[in-house]
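Reader: Could you walk me through this structure? I am new to reading models like this.

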Amino acid sequence: MSTPAEVFNVGDLVEVKMVGSLDPMHRGVVVGRVHYVEEGGNHPDEYSCEIMVLGTQNVVIVRAKWVTLLSKSKCASDVL
């Protein structure tokens with residue numbers, strides 16, 4: 001599970017560990033965030049991630065507390 005220090009942004013590669021799922025681990029890329037409180041809250045209980053599951057075109061919405069960061073996205077300015 002994520003810690004309060006982990007903030008997920010669009011483009012991050014993540015792993016989802018959904019409790020109670022038949023297939024509890026999925027990997028995907030964050031394509032958006034849904035906030036439950038004011039925009040910009042970064043605590044895992046304050047938002048969910050929209051994640052495109054690798055190998056599919058499926059987008060799932062998962063609470064941030066069930067997401068683990070595998071790799072941060074790189075901005076175009078970081079690559080240059």
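This is a predicted model: local features need pLDDT of at least 70, side-chain atom pairs count only at pLDDT 80 or more; totals for chains, interfaces and linings use all residues.

Reader: Okay, which residues make up the largest nonpolar core?

Author: The largest nonpolar core has 10 residues, and these are Phe8, Val14, Val16, Val30, Tyr47, Cys49, Ile51, Val62, Ala64 and Val67. Two or more of these residues come from each of strand S1 (13-17) and strand S3 (47-53), and the largest share, 3 residues, belongs to S3.

Reader: And what is S3 joined to?

Author: S3 runs antiparallel to strand S4 (residues 59-63), and 5 bridges join the two. Within that pairing, isoleucine 51 stands opposite valine 60 in S4. The hairpin of S3 and S4 has 5 residues between the strands, and there glycine 55 takes a positive phi near 85°.

Reader: Switching to the outside, which residues form a nonpolar patch on the surface?

Author: Val31, Met52 and Val59 form that patch, and together they have about 220 Å² of accessible area. Valine 59 lies in strand S4, and it counts as partly exposed because its relative accessibility is 44%.

Reader: Now the charges: how many salt bridges are there in the whole structure?

Author: A search of the whole structure finds 3 salt bridges. In one of them, the side chains of aspartate 12 and lysine 72 meet at 3.1 Å, N to O. This pair links distant parts of the chain, 60 residues apart, with aspartate 12 in the segment before S1 and lysine 72 in the loop between strand S5 (67-71) and helix H1 (76-79).

Reader: Is aspartate 12 buried or exposed?

Author: Aspartate 12 is buried, because its relative accessible area is 0%, whereas lysine 72 is partly exposed, at 39%.

Reader: Which residues are linked in a network of salt bridges?

Author: Glu15, Lys17 and Arg27 are linked in such a network. The side chains of glutamate 15 and lysine 17 meet in a salt bridge of 3.7 Å, N to O, while the closest N and O atoms of arginine 27 and glutamate 15 are 3.3 Å apart in another salt bridge. Arginine 27 is in strand S2 (residues 25-35) and glutamate 15 is in strand S1, so that this pair, 12 residues apart, also links distant parts of the chain.

Reader: Why does glutamate 15 count as buried?

Author: Glutamate 15 counts as buried because its relative accessibility is 9%, and the cut-off for buried is under 20%.

Technical notes. Residues are numbered from 1 along each chain as its sequence is written. Side-chain values use heavy atoms; hydrogens and water are left out. A nonpolar core is a set of buried Ala, Val, Leu, Ile, Met, Phe, Trp, Tyr and Cys residues joined through side-chain atoms within 4.5 Å. Buried means under 20% relative accessible area, exposed over 50%, partly exposed in between (1.4 Å probe, protein chains only). Helices (H or I, at least four residues) and strands (E, at least two) are DSSP runs, numbered from the N terminus. Two strands pair if DSSP finds at least two bridges between them. Patches are made of residues with over 30% relative accessible area and no salt bridge: like charges are joined within 9 Å, nonpolar side chains (Val, Leu, Ile, Met, Phe, Trp, Tyr) within 5 Å. Accessible areas come from the Shrake-Rupley method with a 1.4 Å probe; for residues, only the protein chains shown count as cover. A salt bridge is a side-chain nitrogen of Lys or Arg within 4 Å of a carboxyl oxygen of Asp or Glu.
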